[in-house]
Amino acid sequence: MNLLAVAAEPGAVSGSLSSYLIVSAILFLLGLATILTRRNVLYVLMGTELILNAANLNFVAFTRFGGYELDGQMMALVVVMLAAAEAAVALAIVLRIFHDFGSIDMTRTDSLRD
Amino acid sequence: MEGLLFYVFGGLAILATLLTISAKNPVYSAIFMVISFGATAGIFVLLDAYLIATVEVLVYAGAIMVLFLFVIMLINLRSGEQEGLRWSPLVIVAAGTFLVLLGRAVGDLGGAVTSKPNDLVGSPGLLAESLFTRYVVPFEAVSMLLLAAILGTVVLSRRKEQA
């Protein structure tokens with residue numbers, strides 16, 4: 001379960017589950033940090049996409065190493081569709097925010113109605 | 001060879017994501033994000049998830065990022081609103097979450113890992129077969145979700161005077 005053992009490990013399956021989970025955790029962290037520290041709504045959305053992508057990586061890795069047939073890949077497929085739907089709706093909301101407030105700074109969009 | 005490819009794709013994904021979140025211009029961020037998703041698709045190929053890798057490139061790197069670029073162009077940010085990454089106490093929350101995840105990733109995963117890895121290949125045929133038999137209800141639910149997303153997007157993006 002060592003990251004450095006990935007290259008040396010023989011067998012049909014490349015690498016270990018841990019190495020994929022570590023990459024996924026790093027991608028998740030970067031997405032979370034974006035959501036927490038940026039005020040630009042577009043970057044918050046990008047952070048959401050990064051987090052969903054990291055979750056997808058986990059699903060596919062567990063499919064490979066967990067022995068659950070292809071259930072994980074099916075979940076990953078659903079997550080991709082979810083991300084597409086979410087991005088479309090959220091970007092429409094971003095456009096509305098820009099038209100109504102003249103800015104996409106999250107700290108300035110503090111009223112729900114006129 | 002595959003171990004080397006894992007390092008290449010994994011490193012590229014992390015590097016491109018770092019550049020994505022640290023770039024000041026959203027256009028550059030979107031371009032770096034395409035690279036990040038492409039590298040992730042490479043990792044999916046290493047995991048024998050060929051259909052997921054294709055969908056990743058088509059939907060994430062294609063459709064979603066084109067949508068992002070269009071909105072960035074429509075909004076046309078003034079230079080004053082383009083700020084870099086802001087460091088705040090919330091970063092500690094992110095770092096704590098990361099440490100927990102990392103601990104789980106390198107630690108004992110218990111019953112999640114079987115001794116014998118799955119040798120099924122995520123080909124379109126195999127996935128389609130279970131998509132239309134075992135997972136037909138989630139499949140229909142997702143189609144309803146996409147319909148709702150289409151309608152919601154149309155309603156939301158209408159101008160006020162037309163509403």
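A salt bridge here is a side-chain nitrogen of Lys or Arg within 4 Å of a carboxyl oxygen of Asp or Glu. A:Arg96 and A:Asp100 both lie in helix 3 of chain A. They are four residues apart, about one turn of the helix. An α-helix has 3.6 residues a turn, so residues three or four places apart point the same way. A:Asp100 is partly exposed, with a relative accessible area of 43%. Buried means under 20% relative accessible area, exposed over 50%, and partly exposed in between (1.4 Å probe, protein chains only). Helices are DSSP runs (H or I, at least four residues), numbered from the N terminus.

The model is predicted: local features need pLDDT of at least 70, side-chain atom pairs count only at pLDDT 80 or more, and totals for chains, interfaces and linings use all residues. Residues are numbered from 1 along each chain as its sequence is written, chains are lettered from A and ligands numbered from 1 in the order in which they are written, and side-chain values use heavy atoms, with hydrogens and water left out.

Over all chains, the structure holds three salt bridges. Two salt bridges are counted between chain B and chain A. In one of them, the side chains of A:Arg64 and B:Asp48 meet at 3.0 Å, N to O. A:Arg64 sits in helix 2 (residues 41–66) of chain A, and B:Asp48 in the loop between helix 2 and helix 3 of chain B. A:Arg64 counts as buried, at 7% relative accessibility. B:Asp48 is buried too, with a relative accessible area of 15%.

The side chains of B:Arg134 and A:Asp71 also meet in a salt bridge, at 3.5 Å from N to O. B:Arg134 lies in the loop between helix 5 and helix 6 of chain B and A:Asp71 in helix 3 (residues 71–101) of chain A, so the pair joins two chains. B:Arg134 is exposed, with a relative accessible area of 54%. A:Asp71 counts as partly exposed, at 24% relative accessibility.

Contact means heavy atoms within 4.5 Å.

A:Asn53 is placed in helix 2 of chain A. A:Asn53 is buried, with a relative accessible area of 1%. Not counting residues up to four places away in sequence, A:Asn53 touches B:Phe37, B:Thr40, B:Glu56 and B:Tyr60.

Helix 1 of chain B has 21 residues. From its first C-alpha to its last, helix 1 of chain B reaches 30 Å, close to the 30 Å expected at 1.5 Å a residue. The expected span is 1.5 Å times one less than the number of residues. Buried residues of helix 1 of chain B include B:Gly3, B:Phe6, B:Gly10 and B:Ala13. The buried residues of this helix pack against helix 1 (17–37) and helix 2 of chain A, together with helix 2 of chain B.
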